[in-house]
Amino acid sequence: MATFSHENRGSSISSERIKVAVLGAGNMGTALAHALAGNGHEVVLWDFFPEVVEDIQNRRENRRFLPDVRLHEMVRATMSAVECVMGARLVVVSVPSPFVASTLGPIMLGLENHAVLLNVAKGFAPGTRHSLLSMLERLAPTHACVQMAGPAIANEFARGTPASVVLATADELVARRVADWLSGPCFITETTTDVTGASLGGILKNVYAILLGCLDVLGKDSRNVEAAALTASVREMARIAEACGGQALTLYGLAGMGDLVATGLSQDSHNRKFGKALASGKLTSAIEAEIKLLPEGARAVAAVCALAHEADVPAPLAGWVRRTVEGTPPSWEGLLNELRAATRAASGTPPQPVGDDFR
Ligand SMILES: NC(=O)C1=CN([C@@H]2O[C@H](COP(=O)(O)OP(=O)(O)OC[C@H]3O[C@@H](n4cnc5c(N)ncnc54)[C@H](OP(=O)(O)O)[C@@H]3O)[C@@H](O)[C@H]2O)C=CC1
Ligand SMILES: O=C(CO)COP(=O)(O)O
C-alpha cells in the first residue's frame, strides 16, 4: 500500500524557472497560468476559443472565465496546442474531464521527452470508473503524470489568497519537483503517493458539494445539520476510497475534507451552484440547457454509486444526490432520512478493499 507524506513548502518561490504549458483557458486554467507566471515561469496558455485567446492577448484579461483579474505579463495565450507544449517542462491539463483525451491527442508528438503532465480536472475518465490520471498515463506512457487535489477555488487564488494543494503521483521525487514549481504566494503544497485516495477525493467531493448546495436551499439555516451532513459526507467518501484501495487518511485531509469544505461552502463552486439550482426546483436538463456543461459531480455521481455498490459500501448520501440529479424532487425530510442512514452506516465495520475497480 502506498504511503502518505506531508510536506508544507511555505511561501518561498522555487528558484528554478521553467516553461509551463496550460491547456484550457477556463476559470481554473487561466487562474493557474496567472499564478505560475507570478512564480517567474514562462507560461503559455492554450484555448480552443479564439475570443478567449484574443481577450487575453489584447486586454490581459479573460473576461469570460476570470473577469477583473489583470493577467501577469508572462502569460501568453495561443490557439496552437503544439506551440503551447513545445519546450514545456510542465504541461497542465485544465479542461473538464470529457475533453481531456481530445485535448491531449493532438499534442502528444510535440511533448518534450522530460515533460511532466499535471492533471487538475476532477472527474472520472469518461464512460469509466477509472481516474483521469490512469487515462493520462495510458495516453502518455513515457511521461510522469501527476494529479492535483485539494481546495483550490480559482477565483480566490487568482487574487492572491493561497490555496493548499496536494500533488499526487507514485514517484515522490516527481511530486516534489512539481510542488516546488507551484510553491509561491498562490500555492502551499504537499505531496502524496496515495494516488487513488487523492484522485477519488477530487471526484467524490464534487458529488457531496451538490448535496451541500441543495441543503443551502432546503435547510433551515441550521449549522447543526450542515455540520452533520459535511461530516457524514467525508465519512462516506473515506469508506468508498478505502474500499477502492485509497487511504482514509487522505480523504480526511486536504484532498477530501479540505476540498469538500471549500467546494461545498463557496459561492463560486460550479457543483454547489448546481445543487442550489436543483433544490430550487430546476431539472438537470433545464440547467444543462442553460450552462451547457454540467459540473463534474453531476457527471460522476452514477459511477460513484456503482463503485460504492460493488464494494458493498453503504452510500445513502451519494444515492440521494443521484436520485436528485435524475429528477426526484429533493426534500428536507428525504435528506434527513439519508443523513440518519449515513450516521448508522458510519458506526458499522470498515469496508475491505475490493480490488482494482478504480485505478
Ligand atoms: N474552477 C475551479 O475553481 C477549479 C476547477 N477544477 C477542475 O478543472 C477543470 C476545468 O474546470 P474550469 O476551468 O472551472 O471550467 P470552466 O467551466 O471555467 O471552463 C471549461 C472550459 O472548457 C471548455 N471547453 C468546452 N468544450 C471544449 C472542448 N471541446 N475542448 C476543450 N475545451 C472545451 C469550455 O468552453 P465553453 O464553456 O465555451 O464550452 C471552457 O473554456 C474541471 O475538471 C474542474 O473540476 C479544479 C480545481 C478548481
Ligand atoms: O475543485 C474545486 C475547488 O477545489 C472547484 O469546484 P467546482 O468545480 O465545484 O467549482
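This is a predicted model: local features need pLDDT of at least 70, side-chain atom pairs count only at pLDDT 80 or more; totals for chains, interfaces and linings use all residues.

1. Residues are numbered from 1 along each chain as its sequence is written, and chains are lettered from A and ligands numbered from 1 in the order in which they are written.

2. An unreviewed UniProt entry places "domain: Glycerol-3-phosphate dehydrogenase NAD-dependent C-terminal" at residues 194–326; such annotations may be inferred rather than shown by experiment. Over residues 194–326 the chain is 78% helix and 0% strand (DSSP runs, H or I of at least four residues for helices and E of at least two for strands), with the end C-alpha atoms 32 Å apart.

3. Around ligand 2 there are 14 residues (C-beta atom, placed from the backbone, within 6 Å), and A152, T263, S269, H270 and N271 come nearest. Two or more residues each are given to this shell by α8 (195–218), α11 (254–265) and α12 (270–279), and the largest share, three residues, comes from α11.

4. Ligand 2 lies between domain 1 (19–193) and domain 2 (197–346), because both give residues to its shell; the domain bounds come from an automatic or database assignment.

5. The helices α8 and α11 pack at an angle of about 30°, their axes (lines fitted to C-alpha atoms over the stretch in contact, with angles from 0 to 180 degrees between N-to-C directions) being 8 Å apart. That makes α8 roughly parallel to α11 (an angle under 35 degrees).

Note on methods
Angles under 35 degrees count as roughly parallel, over 145 as roughly antiparallel, 65 to 115 as roughly perpendicular and the rest as oblique.
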